[in-house]
Amino acid sequence: MTSGLTIQRADPAHVNGLIALDQRTRSDPHRIELIRRWVSDGECSVAILEGRPVGYAVLTHHFYEQGFVEMLQVDADVRRRGIGTALMMQMRAECGTERLFTSTNLSNRPMQDLLAKLRYRLSTVLHYVDNDDPELLYVHMGGGS
């Protein structure tokens with residue numbers, strides 16, 4: 001893991017930094033509102049490196065009342081340095097249910113590799129969530145341990 005990395009609950013002071021690192025906010029204003037909501041609802045954790053947000057993860061319990069990592073984002077400039085791993089491990093530690101779910105697109109090979117490394121299992125494939133890019137649903141058994 002990256003030396004000096006800390007993970008904490010995101011607060012309103014982090015919102016602009018999270019918006020800046022999430023490239024989707026440039027083309028999707030709805031994502032900005034989601035980030036604000038996740039932070040205000042206390043569902044967002046932020047990874048801080050050298051005093052700035054470099055990633056975030058969102059943990060909800062709306063998926064059949066199970067833990068679900070709804071979003072994982074790492075700044076493109078610092079990927080492959082253990083930040084995604086650290087955020088996912090934090091989500092597992094915070095998860096209050098036995099199972100922790102997440103999903104990613106078939107086209108997102110780096111996320112699939114991360115989930116395999118962390119011993120998530122493929123649960124099912126959902127078609128037609130995104131056009132021509134199936135959604136892969138993963139589960140980690142023993143989410144709260």
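Biologist: Contact here means heavy atoms within 4.5 Å. With that in hand, what covers the buried residues of helix 4?

Modeller: This is a predicted model, so keep that in mind as we go. In it, the cover over the buried residues of helix 4 includes strand 4, helix 3 (83-94), strand 5 and strand 7.

Biologist: Which residues of helix 4 are the buried ones?

Modeller: They are Met 111, Gln 112, Leu 114 and Leu 115. Those four sit on the same side of helix 4, because they cover an arc of only 160 degrees around the axis.

Biologist: And which residues are exposed on the other side of helix 4?

Modeller: There you'll find Arg 109, Ala 116 and Lys 117, which are exposed.

Biologist: What caps the N-terminal end of helix 4?

Modeller: Asn 108 does that: one of its side-chain oxygens lies 3.1 Å from the backbone nitrogen of Met 111. Past the helix, Arg 119 comes just after it and takes a positive phi of about 70 degrees.

Biologist: Let's zoom out. In what order do the strands of the sheet come?

Modeller: The sheet is open and has seven strands, in the order 1-2-3-4-5-7-6, with mixed pairing. Its edge strands, strand 1 (6-9) and strand 6 (121-126), each pair on one side only. From one strand to the next, the twist averages 25 degrees.

Biologist: How many bridges join strand 5 to strand 7?

Modeller: Seven, linking residues 99-105 of strand 5 with residues 135-141 of strand 7, and those two strands run antiparallel. As an example, Ser 103 has Leu 137 as its bridge partner in strand 7.

Biologist: Where do the helices lie on all this? Start with helix 4: which strands does it lie across?

Modeller: Helix 4 (residues 109-117) lies across strand 4, strand 5 and strand 7, and it runs at about 155 degrees to strand 5. Helix 2 (residues 29-40) lies across strand 2 (44-49), strand 3 (52-63) and strand 4 (66-74), at about 125 degrees to strand 4.

Biologist: Now the hairpins. How do strand 2 and strand 3 pair?

Modeller: They run antiparallel, joined by six bridges. Leu 49 stands opposite Arg 52 in strand 3. The hairpin has two residues between the strands, and Glu 50 takes a positive phi near 55 degrees.

Biologist: What about strand 3 and strand 4: how many bridges there?

Modeller: Seven, again in the antiparallel sense. One of the pairs to look for is Gly 55, which stands opposite Val 74 in strand 4. This hairpin has two residues between its strands too, and Tyr 64 in the turn has a positive phi of about 50 degrees.

Biologist: Change of topic! I spotted some cysteines. How many disulfides are there?

Modeller: The count comes to zero. In general, a disulfide is a covalent bond between the sulfur atoms of two cysteines.

Biologist: Which residues does Gln 8 touch?

Modeller: Leaving out residues up to four places away in sequence, Gln 8 touches His 14, Cys 44, Ser 45, Val 46 and Ile 48. Gln 8 is in strand 1, and it counts as partly exposed because its relative accessibility is 36%.

Biologist: How far is Gln 8 from Phe 101?

Modeller: Their C-alpha atoms are separated by 21 Å, and the two residues are 93 residues apart along the chain.

Biologist: Last one: where is Asp 22?

Modeller: Asp 22 is in the loop between helix 1 (15-21) and helix 2. Its relative accessibility is 0%, so it counts as buried.

Biologist: What does the side chain of Asp 22 join up with?

Modeller: A polar contact of 2.5 Å links it to the side chain of Tyr 56. Not counting residues up to four places away in sequence, Asp 22 touches Arg 31, Ile 35, Tyr 56 and Gln 73.

Technical notes
Residues numbered from 1 in each chain as written. Predicted model: local features only at pLDDT ≥ 70, side-chain atom pairs only at ≥ 80, totals over all residues. Heavy atoms only, no water. Pairing = 2+ DSSP bridges. Axes fitted to C-alpha atoms, helices over the stretch in contact; angles between N-to-C directions. Disulfide = S-S within 2.5 Å. Buried < 20%, exposed > 50% of the residue type's maximum accessible area, 1.4 Å probe, protein only. Arc of directions from axis to C-beta. Polar contact = N/O pair within 3.5 Å; in protein donor to acceptor, adjacent residues only side chain to side chain.
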